[in-house]
Amino acid sequence: MGEGLKWERKPGSYPEPKIIKSTITGEPKKVYPPIEPEYDSDSSTEEDPNRVGRIPMHWYDDLPHIGYDINGKRILRPAKGDELDKFLAATEDPTSWMSGFDHTSQKDTQLTSQELDLIRRLQDAEVPDASYNPYEDTVEWFTGEGKQEIMPLTARPEPKSRWQPSKWEKQKILKIVRLIRAGRIVPNKPKSKEPQWYSLWSTEAETRRPPPLTAPKVPLPKHAESYNPPEEYLPDQEETEKYDDLSDEDKVKTYLPKKYDSLRHVPAYEHFIHERQNRLLDLYLAPRIRRVKLNINPDSMLPSLPSPQSLRPFPVFEALKMSGGGNSRARCVSVSPDGVWTVSGDEDGIVRLWETFVGREAARWKLGKRVGAVEWCPRKDVSYFLVGVEDEVFAFMPPYLPPAVESATLDVLVPRNPPQPIGEQTDKSVKWSQESISFKQSASTFSAPLIVVGLPPGAGMPKQITFHRRGDYFATVSSAEGHNAIWIHQLSKRHSQSPFKKIKGMIQRVLFHPNKPHFFVATQRYVSIYDLSAQKLLKTLYTGSRWISSMDIHPTGDHLIVGGYDKKLMWFDLDLGNKPYKVLRYHTKAIRSVAFSPTYPLFASSSDDGTIQIFHARVYSDLMTDALIVPLKVLRGHAITDGLGVLELRFTAGLGTCWLVSAGADGEVRVWCN
Amino acid sequence: MGKETKKGTKGPNSKYITRTKAIRKLQISLNDFRRLCILKGIVPREPPSRKKANHGNSAPTSFYHIKDIAFLAHEPVIQKLRDHKIFLRRMSRAMGKQEWGRAKALEENRPTYKLDHIVKERYPTFIDAIRDLDDAICCVVLGASLSQHRRIPKADLEDCARLSAEWQLYVTHTRALKKTFLSIKGIYYQAEVMGETVTWVAPYQFMQKIPMDVDFRVMRSFLEFYKTLLGFAFYKLYSDAGLVYPPPLDLKKDAMGGGVDAYRLQPVGGPTSSMDVDAKVNGNKKKKVDLGDGKVLTSKQVQKTIAAMEVEDEEEEGEASAPLDDALPSTEEFIPQPSKTSATDPSSSNLITLHALANLPTSTSRSTKIFEPYVFFISRESPRHILEFVVKSFGGVVGWPITCGSGSPIENEDDERVTHVIIDRPLPDPMSEVDKERRRKKKYVQPQWVVDCVNAGKILLENAYAQGKTLPPHLSPFNAEGDGAYDPLAPEEDEDFNMAPPQPEEKSKKRHRRGKKAAAAAAATAAALQVSNPTDADAVRKAELEAERLGIEPAEFDKVLEKAAATNQGGEEGESEGASEENMAKMLLSSKKRKLYNLMKRTNARKEDEKVRLQQKKIEIAKQKKRTGV
């Protein structure tokens, strides 16, 4: 454009522009002379700068060049001196401190004074721009003479509160003023100087509530805790080891006694703070209960009982041991009313007759069926016994009877004209049959049963036979359930009846009252007393036992003892109520049998632990005095076989003896004498 | 038909609630609840059935009675605790916002509470408070022995130290200390205050290692209550004794390690009456006009003393044994004036009431002044804090070297007044002439002598406790288990006699074994004839041989043997009979009673076993000693 123009060049000054008329617009315009790159021009003196651009320089790390110039030629990496060169440069070059490595050009570049100044400012947290003045004078735009704002910024009217005093503030202040005037508020009041301590207990306490129970005091230290205890307190090796093995919770004492020969050797006790802490925890975490601590001689708790020596006679030692030879258990035993004969039955079906005083086996019956019960007739003028085997009851007459007794017995058992059962009353299910061989020779009379009572089918084995006092009636208890379990038989009329149509539970035992028409039936847990004449239930006794095993009644008929498989023996005073008067628990295993002595104030119980326990039981006719029960003696001798001990026991009567006959699971029958 | 009741709303088990429910009901935090329970003395209760009380849940919880919780709900302190919570919140907000003025105002109105009413409530009468003082004093004494720790505020420790010193001061002044016991755990002291025994245990003065698993919040809550309790109790005790409470602290003495001595007892009405030890020292030699520290008693002073004595006659009467100089005024401007507290506190007035007479310390008994004629010097390795307290409580005068603290009336072991030096180091070897001379003039005893004298109630012979000697055993004065317990002081009976079975209840098997042993032992001595088991042929033979060797007539031997056999048999038979009878009678007990009976029997048997074990051990030790000695 300006090629046609000529500028004269004056050295040291800028060329003047020429004003020409634009050929395009027609307007005048300034035209400057083109810059001629000469030697002294700014750009010509400079070295050609590195123009590789903003690229990551590490691209060229492994290459000899560091990029390309505008012509596409390689720009070689400038030579870098070694450490020595660097050191020399640093020491010799006075400007080396103001140079830094430039990554783009890959060489040291000297910083300019402006750059240095910028760095300094940044370091001193000043404004980086040197030309910026932070402390300029204020310019008053809207204040001062003649500069007031005339128009408001908003058109909103000014609120009233700007110029009117607050009403509720006034009320509040007035309230405070009133309080101050009244002396309720004292500004800057000094803290009250009440005495910290005063006589607290000079006035009576208002007893709103009883004070809490005081905690028990810490037990006082014993000799063992001394720093210098007597030597016997010091633990030996064994005790120390035992103590160390215990865990902290199991230790009764928190320390082991230790001896120091001098007070200055006693160290600090390491658990001191712990023990105090535990005490404090006890004080606020442990429930407090007032316990009465008995400080009595334990023997004073025992009831004062008369000495057993003063209560003689009672069985104390084993006089005879009668063994059948077999291994089967002697299941049941019975003693004749005069005490001369003992009959026992075992599980092999053998019934043996013994002479009680000498232990000789007088007779033996092999029945072939398991024997559940034997019972001697209580009548003294006749002599026979009943044997209960499965589904049948046999009546046997013992041998060696005096002729009068024998004839009387035969008269009872096999009369010449047997009574005909009364049609209506007879239950057809029970069959009475009688030996036809009446009035045979005595040698053979005892070999076979004189009477056979066939129980209804399904009745099972009679586990108990019990006679009425007069010996005419007897009751059998079978293992069957329902009304077949109990049968009451009348011998003289050959008549049997089942007293209960329906019965709940399993019958364990039955008993006739010795002098009243009452009948005791023990089920598993309860004992019911029935009036047989009135045909009603009189009373039910709650035994508290879980399974009754045995029962016997006192000869007076006022007291009943009941034994249970749960080791308990219950004494009932029948006048008192339906709860036991006394419950004794002393056997270690189930009670099998209990029996009162018919003549002496004694009773005994036998158990599976193989022992027989004899008690003195004195009852008073006076209603106010309770029965006195004194344990007398534990008889041991029977061996425990298959977990069973003494299965049945009976007291003898007559001849002034108070002997005891027991049958054990070891197959032996023993006689215990006083 | 009545209204149907909801399950769990009636009956004894419905009266208990669990702790969580209690806290929810009171609307406080668990920490505050704990603290409140500690302050009010509310403890958990045991419901008749835990399961029923917790509505069928049998998880382990603690139960509180609903009335107890209702009682807590009406406690004024509970509101203060809530206020404090609010205060803390406001304070932290003000601090966070850097509103210092507001924080300062808050701090000035910081909610505080007092526990006076709780003390009164828990201990309606003063004697109740005295009965429950044991734990409080134990706690305070422990606090006094602790060094600074980040978990225990310094102010608490200082309070503990002050209360502990005040208690010791009171006990010393009233001569209330009765028994002391040096145990491996610490030192047990027992004092009798108003007829009640107060027992406390102080640790040996060592740096206590503070375990990590101790909850100091619990300890501080207790301490907070105990401080108030002790403050009021001490006030009452001090004013009953005619003293000013709190006793002023001599800061200079305290800084010099004066310990308890830094507090000065000051009678009510007197501005400052010196009750310090100087006066006491001089009290022991009243005849001398020249006081120990060079002062000369003037007639004016004597008159003043008499005047003072007249005023405080009542107070002095109770403790006739206390030195008269206790009331000696050290300043000139002594004006007798009526007690300030006389209006409120009848016991501190001039009139003697029955109450005051009953409360007088029983210092007239001889045992409280056993050390009165003596002057003790505690050498530097003996524990001054124990010995100073004990000796002073029994009327003695104590001195100690300056290295153990200031305020000692006697600073030199060689002082002529010193009668006993309490020393706890071995004898010097070799003994210099000076040492010998010293031992000729004074008694050198070990610290145990002081404590044993106190427990015995009389001065024991010093020889057994002399320096360097093996000390006799130190026995607990509290070991009164009843007449059946093992007594280490029981005289050693004849050995063989001792070896015989000590109790008849022993099983016969054991008896036989021991009998054999006894027979063997019997052979060794002339008393061989006491054969416990004459059925044992071996033993009899041995005994016979021994008897022969000793020259005992065979006839005589037989006689004794027969006798022994008779007693043995009789004993055994009777024993078995008796045992079986006892077993029989046991049957008649109800199951509950039988269990109790068996338990008691077992406990008695265990005690008896322990006794026998100790007795045998003692005999064995004696034997061994004899053997090694010979």
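A:Val393 stands opposite A:Val453 in strand S16 of chain A. The model is predicted, with local features requiring pLDDT of at least 70 and side-chain atom pairs counting only at pLDDT 80 or more, while totals for chains, interfaces and linings use all residues. Residues are numbered from 1 along each chain as its sequence is written, and chains are lettered from A and ligands numbered from 1 in the order in which they are written.

Strand S16(A) covers residues 451–454; strands (E, at least two residues) and helices (H or I, at least four) are DSSP runs numbered from the N terminus. S14(A), residues 392–396, pairs with S16(A) in the antiparallel sense over four bridges, pairing being called when DSSP finds at least two bridges between two strands. S15(A), residues 431–434, is also antiparallel to S16(A), with four bridges, and here A:Ser433 stands opposite A:Val452.

In a regular strand the side chains alternate between the two faces of the sheet. Buried here stands for 20 or more other C-beta atoms within 10 Å of the residue's own, with C-beta atoms placed from the backbone.

Turning to chain B, 24 helices and nine strands are found, and 36% of its 630 residues are buried. Between the chains, 61 residues of chain A are in contact with 83 residues of chain B, contact being C-beta atoms, placed from the backbone, within 7 Å. Helix H6(A) gives the most to the side of chain A that touches chain B, with eleven residues.

Methods: Contact = placed C-beta atoms within 7 Å. Buried ≥ 20, exposed ≤ 12 C-beta atoms within 10 Å, placed from the backbone.
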